[in-house]
Every structure is written in structure tokens, then in C-alpha cells.
Amino acid sequence: MSLPSSSRAAKIFIEWLRGPALYPEVFPSFNRTAALCDDFPDGCLDPARVIIFSFIAQWVLIAVISAILDRIKVYKSLAWQDKVHWCACLVGTAHAIVTGLGSLRVVYGTDAFAATRVAFSPLQNVYTAWSIGYFAYDLIICGTMVFFKPGYVSNLMLTHHAMAIFAFSYSLLHPVHWTIAVVLATELSTPFVNSRTIIGTCAGKDSLLYKVNGMLIMISFFVMRVLHGGILLWYGLISDWNELKAAVPTIPVVTLYVVAFLITSLNLYWFAKIVRGVARVLAEGNAKHKTD
């Protein structure tokens, strides 16, 4: 019995993702017969092909989301710059959920790092490559929108995206996939951040939903970016220093620690701003309550 056309197409597409490697010097693929590939049932995919597919998929997704939202009255009344912001936030939320949960699964739900944290993981390779495609797409969106909507994104966010693309691309070459998985898991705080503008527009900044979301931003940011992506990350980096020096060349090791320091610093800076913002909203609410 022949496969349905959709199943045949999916099979052909998976085979295309598997390789051979398009750019083996930059984005090497794993040997699909290697034992490393056993933890990933679809086999080891070529990172370059995953990056290309991810980059294209983000643009398709933002177009689909825009077409769906265009049926909603409040969205149709927005300026085009705000429409782009909404759609970009929803695309970012989809990326955060997929890569965040996927990376958590790699860290805690597989045996990829059972023997040592200084190791490769083909499954994490896929999530990392997917994120490179996403951050490349979002860097273009952010870099373009700064000319049309001042304050759309900060220079720190542009720096964050550029560092992510550089660090994630570099990581594909070296056994630092535990570190990357821990960092990507921090994306799970992003959905609450991204929903802030949408909730503020739809429900109002004085609404209970907006305030609850603000608290969830602070809590998720603290758990995922300060504890998990900060303390746990640096516990691993410090504990594995000797192993990393032995397994990874000097320049990539130094790059890993420098980028980790910069990302941690950014997360702490953003968390401090979030705490101040939540404190200000609560203070304003108390003052208003006393006046009433």
C-alpha cells in the first residue's frame, strides 16, 4: 500500500533535513548511524537545513498569524507597526514554548548528559539550530522596525539576538550542548513578556489580568532566567571547567564564558527593571485604593 501524498511529502522533507550536510565546515552533521542519534527517533538532522527551514517558517507563521488576527476588530484598528509587534510577539511565544520545553526535555528527560554535561546531543542540536533561524528572523524584524517605531526594541535586545546567533552557531561545533539547553530553557519566561502589550491593549493596564501577567513575568523570569539560567548555568560552567578545557579549544571556551557572563548580566538587568516596574504598579494601585 502506497503512502498518502502528505505522508510521502513529510518523509521526503525529513530525509532532506537529515542531510548530507550543506556546510560541513561550519555546521557539521552527526553520523546518523552513531549511538548519539539513538535519543532522537527521527535521526540526526543537518543543522544548516534546520536553520534554513526555521528562518522560512517564521516568516510563514507571522503571515498566517496576521491573516487570522485580521478578523478581530481590535487588531484591525491598530496601526501597522503595532500589528507587526503583535504578530512578532506571538511568533516569539511559539518559538519560546517549543524550544524552551524541548530544551528542558533534553536536560531532564533524556540520558544525553547522564555521564557528563560536556557532551553533544543531536536532539538539542535541532532546537539550537531552530533558534538560530528564529533569532535571525527576529533580528531582521527588530532592526527594520526601529526605523518605523521608535522604542520598538532596545539596543540591548538587538545585542542579545546577535549574541544568541553567534553563540548558538558556535556551540554546534563543540560539546557544550548542556549549557545551550539550559540557556534556551530560559525562553519559557518569554510568553508572559510577549503577552504584556496585547493584554494591555485588550484588557487595559488597570485590569486584574494585566497585573497578574506582570506578576507571572517576574516569577517566571526569576525561576527561569535567574535561578535556572543563572545559578544552575554557572554551577555547571564552574564545575565543568577542567572538562571543558580538555574537550574544547581555548578560544571557544573563553567565548562560552564571556557570552554566558553577558547574557547573565542582561538577564539580571532586565529582572531588576521588572521588579521595579511591578513595585511601581503595586504602589500606584495602593495609592489609588487609599484615595478612593
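Aromatic pairs and a helix in a predicted model

Tutor: Phe55, Trp59, Tyr134, Phe135, Tyr137 and Phe168 form one aromatic cluster. The model is predicted, so local features need pLDDT of at least 70 and side-chain atom pairs count only at pLDDT 80 or more, while totals for chains, interfaces and linings use all residues. Residues are numbered from 1 along each chain as its sequence is written, and side-chain values use heavy atoms, with hydrogens and water left out.

Student: What makes Phe13 and Trp16 a stacked pair?

Tutor: Rings of Phe, Tyr and Trp (its six-membered ring) pair if their centres lie within 6.5 Å, and planes under 30 degrees apart count as stacked, over 60 as edge-to-face and the rest as tilted. For Phe13 and Trp16 the values are 6.1 Å centre to centre and 15° between the planes, so the pair is stacked.

Student: Why is Phe13 called partly exposed?

Tutor: Its relative accessible area is 30%, and partly exposed lies between buried (under 20%) and exposed (over 50%), with a 1.4 Å probe and protein chains only.

Student: Why is the pair of Phe135 and Phe168 called tilted?

Tutor: The centres of Phe135 and Phe168 are 6.0 Å apart with 50° between the planes, which is neither stacked nor edge-to-face, and therefore tilted. Phe135 lies in helix α5 and Phe168 in helix α6, so the pair ties together parts that are 33 residues apart in sequence; helices are DSSP runs (H or I, at least four residues), numbered from the N terminus.

Student: How do you know whether Phe135 is buried or exposed?

Tutor: Phe135 has 2% relative accessibility and therefore counts as buried.

Key
Helix = DSSP H or I, 4+ residues; strand = E, 2+ residues; numbered from the N terminus.
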